[in-house]
Amino acid sequence: LSRAFSHRSERACRPTFGIAFDIDGVLLLGNSPVGGSPGALKRLYDADGKLKIPYVFLTNGGGYPEAKRAFELSKLLGINVTPSQVLQGHSPFKQLVKRFENDLIVAVGKGEPAAVMTEYGFRYVLSIDEYASCFENIDPLAPYKKWTTKLAVTQNAKFNESVPRNDVFSKRVQAAFVVSDPVDWSRDIQVLCDILKTGGLPGRNVGPQPHIYFANDDLEYQTKFPSERLGMGAFRIALESIFNRIHPQSLEYTSFGKPHPSVFKNAEILLEKLVASLYDDFYDINHDNTSYFKTLYMIGDNPAVDIKGARQTGHPWFSILTRTGVFKGKENHDKFSADLVVDTVEEAVDYILTKEC
Ligand code: G3P
Ligand code: MG
């Protein structure tokens, strides 16, 4: 089938379908491919390794700039991924650059959160590690955390040059961005509470609560451990319940990521751009504001996130649920039932190529 498909695709039949792949629990468990993902993805390229079927990665995960994540996915999955194919939970934070471009902001989460935000165009970013290291004893548990001790020791290590150290004592933090899954919940909840309840200036008089944005609200997600792990949504619940007990007003926050329909709409725009880059007759078609695509397939493992999002967004999205991640049921999910349930992403791609080509 794949030979026949790639042969037919030689006639450059422009596909009117596209695919959005979730990552954790569909393509990877941690950094290990799952469900035959490398072979499944390879079938979207022709014999010369040229992409023929438009697809994107639509993940709530993140923590690294899109280009770095694309390079990592290329290595892990054995295909050539371009940065424009990588849509992460924090990718929509780009829309907020104009609003906070010159404001002091704090970036939270595993990986390189400050690098992610700096690459989007925010000019005055500190990671929560860097920010916390400016305040003596802000984390009373630090001496008991081996990794923080190391960090404290290298405290004068690379500090974001664009932010003079003393500014943190005079400039209000205008916004906090939880870019990826927080590593040290006790320290991050403590420091975020200090920022949020003092109007962005720990230890000083109160001011209006700075904005806090979360890249996703996933309560749980699937990685290498047999049962789901707590995600950013669980962290948000912990922070919110503590903040609401120590502050007169309730926490105000905004969560991004799937299942928000805007994330799926954005994926459709990028898939259209991908088709345009692959097929030069794309712009001959006059499709007004209706979708160019007849079908967009969302392949996910989390019913409450991936399937719910595709269903809420509606046409042309078709949801496919795999059993390699959060969902492990025999039938379909009772609340967020998918258009199709398969065991693996390999089966999902097989179904799509059989149906579409
Ligand atoms: O931290 C990642 C997790 O929240 C879910 O990732 O790829 O399943 O959307 P993904
Ligand atoms: Mg997933």
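This report walks through a predicted model, taking its sheets, a magnesium site and a few helices in turn.

## Reading the model

Residues are numbered from 1 along each chain as its sequence is written, and chains are lettered from A and ligands numbered from 1 in the order in which they are written. Local features need pLDDT of at least 70 and side-chain atom pairs count only at pLDDT 80 or more, while totals for chains, interfaces and linings use all residues, and side-chain values use heavy atoms, with hydrogens and water left out.

## The six-stranded sheet

Let's start with an open sheet of six strands in the order β5-β4-β1-β13-β14-β15, paired in parallel. Strands (E, at least two residues) and helices (H or I, at least four) are DSSP runs, numbered from the N terminus; two strands pair if DSSP finds at least two bridges between them. β5 (86-87) and β15 (340-342) are the edge strands with a single partner each, so one side of each has no neighbour in the sheet.

Five bridges link β13 to β14 (residues 317-322), and Tyr297 sits opposite Phe318 of β14. Helix α12 (residues 345-356) lies across β1, β13, β14 and β15, at about 170° to β13. That angle is taken between N-to-C directions, from 0 to 180 degrees, using axes fitted to C-alpha atoms, for helices over the stretch in contact, where contact means heavy atoms within 4.5 Å.

## The magnesium site

Which residues hold the magnesium ion (ligand 2)? Its protein donors are Asp22 (OD), Asp24 (O) and Asp301 (OD), 2.0 to 2.1 Å away. Donors are N, O and S atoms within 2.8 Å of the metal (3.2 Å for Na, K and Ca); water is not among the atoms, so sites may look incomplete.

The donor spacing in sequence is D-x1-D-x276-D. Asp24 is in the loop between β1 (17-21) and β2 (28-29), and Asp301 in the loop between β13 (295-300) and α11 (303-313), so the pair ties together parts 277 residues apart in sequence.

## Around strand β6

β6 runs parallel to β7 (residues 125-127), with three bridges, and to β8 (residues 175-178), with four. Val106 has Leu126 as its bridge partner in β7 and Ala176 in β8.

## Helix α8

Helix α8 (residues 185-197) has buried residues including Ile189, Val191 and Leu192. After α8 comes Gly199, with a positive phi near 70°.

Terms used:
Buried means under 20% relative accessible area, exposed over 50%, partly exposed in between (1.4 Å probe, protein chains only).
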